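Here are my notes for a colleague who is meeting this structure for the opening time. Please read them with the model on screen.

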Amino acid sequence: MRTVDIEWPLLSAPLAALVVALIISALLVIASGYFRDQMAGAYRLNNQKFLEVSRKYLSVDQDELIIKEQYPRFVNLYRRGIVGEEKRLDWVEILKNAAATLKLPGLRYEITSREAYSPAFPLVTGPYQVSTSTMKLELGLLHENDLASLLQDLDEKAPGIYTVKECKLTRAQNVVAEKPDDENVKAECDLLWFTVSLASGEKINL
Amino acid sequence: MISSLRSNFSSARRRALCIASDGVSLYQWDKGSITDAFVFDVDDVGLANFERYLGETPKVPIYLMVDVVEEEYRHENIPHLYGSDRQAVIERKQAWFFRGTPYCHVMMQGREAEGRRDDKLMFTAIINPDIVIPWVRLCTQNKVALAGIYSLPILSASLLAKMKVTSNDVLLVTMQGSSGLRQSFFNDRILKMRRLAKLPRLGTVPFAPYILRELGKFERYLTSVQLLKGAPLDTYILAHGETLDQLEQACRNTETVRYHLLDVADVARRLGIHGVLTTPFSDHIFAHLLLRTQPKNHFASNEERRYYTLYQTRAGLYAASVIALLGSALWSWFNLIDGVSDRQLARDAEKKAVFYQARYDREKGRLPPTAVSPADIKTAVDIVDTLTQHKAAPLGRMEVLGQALAGFPILRLEEIQWTVSTDPQAGTGAATPQVPPVPDTGQATSYYEIAEITANVYPFDGNYRAALDQINRFGEVLRSKYQAHSVTAVNLPLDTRSSAQIRGDTKDVSIPEKAAFSVRVVFGAEHANG
């Protein structure tokens, strides 16, 4: 049948019916699909809440154990300035005291501003940010054992945890001097002092 | 004259209009059976009544069936062709056989067994189109869908099939109220010959002798054209009542003819026709057969079937609408079921969450307050533990180096540059180790302590070979005794590598006081707990 032979008035009603049917069908499918998606979303959300709270509920005993076993350590770390704010003044005082005690011929120090630390080894930080402050030490030593003694003093007395990043020991003079004020060895060491704080910037208050 | 015309025509889903020489019958079909029948005269009055009928009834399709003497046929073989070539040959033959009529039809009746294996065709046509045209024109004028124009003899083949007749040579004999005695001969269930004879008015004369006389003529004709080849002719006669009784008494089987007398009412019942037929005529049966089977059009042109095409299009559009609605309703139903199910699940999950939250809050109330959550307490402690495990200090390795150097008093230490790294090659230009790495001890190396030692061979007597030997031995001791991962010479008193350049003056006999060198020593380190 040619297009000109088509009597459109005869087809207008079924065509209109088809258009209306398609519109209604589309509306039905869209509306029902929207309802289904909304309900599926609500279910996912509520189920997630349920799983989370049930997990928390089931882990209460575990939490209790953690608080019992780990919280004292956490508090200790906080007080030592490892968790929370670093205690730079304590570091300086301990350095000075150690220099005096060990009668080091020379000790110069410089502490840089704190920076975010990216370890080369795997470290799960959770909600925390690990930061480091670099302490640069320039030492004049009568003997290399003085360096060991200084680091031991820091280990025992300084509030914090550090690692030695690099250290250079240089013979200061060809002939070994015996007087306490003489520098036989020069040492330049970089120490990284770690602090752990909340990545959100929120302060930890005990 | 209209014998059964009603002022209010009941609706029908399709209709059969049967045109014969003495009258035109119309059968209305609804819900699987014929519900009403009307008869129109073959004159202007009949046409006017038909037009009135068409105007007052819904425009449901009409199937027009013709049973007239003016339907002719020819058997012809044509070459076995395809497509437009075949169509051209057929049209040429039709124009040659039946000049001046648009109502032609051709049926394929097999192929020749031998030779070119030509196609065997039966051409048929209504040679007097004026019998049909007025009725068709009225349909078109009233925009009534004409499904097709059909030949009753051609349709009778399907009656034979319905009656499950399997004989080779069959003569089907039926009586039509408006047209007369129709005789159709089938060979292998293919229509080969047909004949229409006038019948006297019912009840005026005994039908049986008349029918048998007409059958005798047709049998003789079939024999003369050699369509009967010795096998007995199975003659099926549809009749009823007194006519059937007369035929039962008159028909005697012979060697050449076997009679099968069938009651029209029985046949109608086997075809599923509702009600009881009480006349010997088969008009109702053929109308039922036509409307039930709705065969392909025989004679009508596309132009005449235009409104039927539109009707089908309308039906298709409505069907598409219904399918779209049903499909979307079904889809929506599934969506709804899913949604309702998810809503219930969401409510259940919410209830459980609230329940566990309350219990958790109660249990949590027992715990002492902490600055951070217990999980975060553990994380913080673990971080510090890990950092502690990776804590590095130079003193241990320096002591090792001191011990190693103690075995070589000729080597005097000037400087140690110590650092840690996870890369044993850190800070080098990828220097090639002079000695291979220490075999794997099975312990994991988490970082490396790297010491770059600057020292002198002192005192130096000018013997570079001995000095290099001392340096090499020092390296060997570090490697073998102190488990150095690698020992690499950075600078040597005399660089003897092929890639290096050596320059000297034999006249210069001065000996340097010391021979400086530097060595890079790498120790693998395990963390504190490792």
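1. Start with B:Lys31. B:Lys31 counts as exposed because its relative accessibility is 71%. Here exposed means over 50% relative accessible area, buried under 20%, and partly exposed in between (1.4 Å probe, protein chains only). The residue lies in the loop between strand 2 and strand 3 of chain B. Strands and helices here are DSSP runs, numbered from the N terminus: E over at least two residues for strands, H or I over at least four for helices.

2. A word on the basis. This is a predicted model, in which local features need pLDDT of at least 70, side-chain atom pairs count only at pLDDT 80 or more, and totals for chains, interfaces and linings use all residues. Residues are numbered from 1 along each chain as its sequence is written, chains are lettered from A and ligands numbered from 1 in the order in which they are written, and side-chain values use heavy atoms, with hydrogens and water left out.

3. Confidence comes next. The pLDDT is the predictor's confidence in each residue, from 0 to 100. Chain B has a mean pLDDT of 88, and 93% of its residues reach 70 or more. Residues 1-12 of chain B have pLDDT below 50, and this stretch has 31 contacts in the model beyond near neighbours in sequence. A contact means heavy atoms within 4.5 Å. Over residues 430-442 of chain B, pLDDT also stays under 50, and the model has 23 contacts beyond four places in sequence for them. Where pLDDT is low, the predicted coordinates should not be read in detail. For the complex, the predictor gives an ipTM of 0.79 and a pTM of 0.60.

4. Now chain B overall. Chain B has 12 helices and 17 strands. Of its 530 residues, 46% count as buried. Take the contacts in chain B between residues at least 6 apart in sequence: 73% of them join residues at least 24 apart.

5. Look at strand 2 of chain B. This strand covers residues 24-30, and seven of its seven residues are buried. B:Val24, B:Leu26, B:Gln28 and B:Asp30 point one way, while B:Ser25, B:Tyr27 and B:Trp29 point the other way.

6. What does strand 2 of chain B pair with? Strand 1 (residues 14-20) of chain B runs antiparallel to strand 2, joined by six bridges. Two strands pair if DSSP finds at least two bridges between them. These two strands form a hairpin with three residues between them. B:Leu17 stands opposite B:Leu26. Strand 3 (residues 33-40) of chain B pairs with strand 2 in the antiparallel sense, over seven bridges. B:Asp30 has B:Ser33 as its bridge partner. The hairpin of strands 2 and 3 of chain B has two residues between the strands, and B:Lys31 takes its positive phi there.

7. Check two further loops in chain B. B:Arg117 is not a glycine, yet its phi is positive, about 55°. B:Arg117 sits in the loop between strand 6 (104-111) and strand 7 (119-126) of chain B. B:Arg117 counts as partly exposed because its relative accessibility is 38%. Elsewhere, a cis peptide bond joins B:Tyr458 and B:Pro459, with omega about 0°. B:Pro459 lies in the loop between strand 15 (447-457) and helix 12 (464-480) of chain B.

8. The largest nonpolar core has 71 residues; among those with the most contacts inside it are B:Leu159, B:Phe185 and B:Leu215. Helix 5 (residues 207-224) of chain B gives the most to this core, with eight residues. A nonpolar core is a set of buried Ala, Val, Leu, Ile, Met, Phe, Trp, Tyr and Cys residues joined through side-chain atoms within 4.5 Å.

9. Finish with the interface. The contact takes 78 residues from chain A and 72 residues from chain B. Chains A and B bury about 6800 Å² between them, 71% of it on carbon and sulfur atoms. Buried area is the accessible area (1.4 Å probe) that two parts lose on being put together, summed over both. The rule finds six salt bridges across this interface. A salt bridge needs a side-chain nitrogen of Lys or Arg within 4 Å of a carboxyl oxygen of Asp or Glu. A:Asp155 forms a salt bridge with B:Lys391, with the closest N and O atoms 2.4 Å apart.
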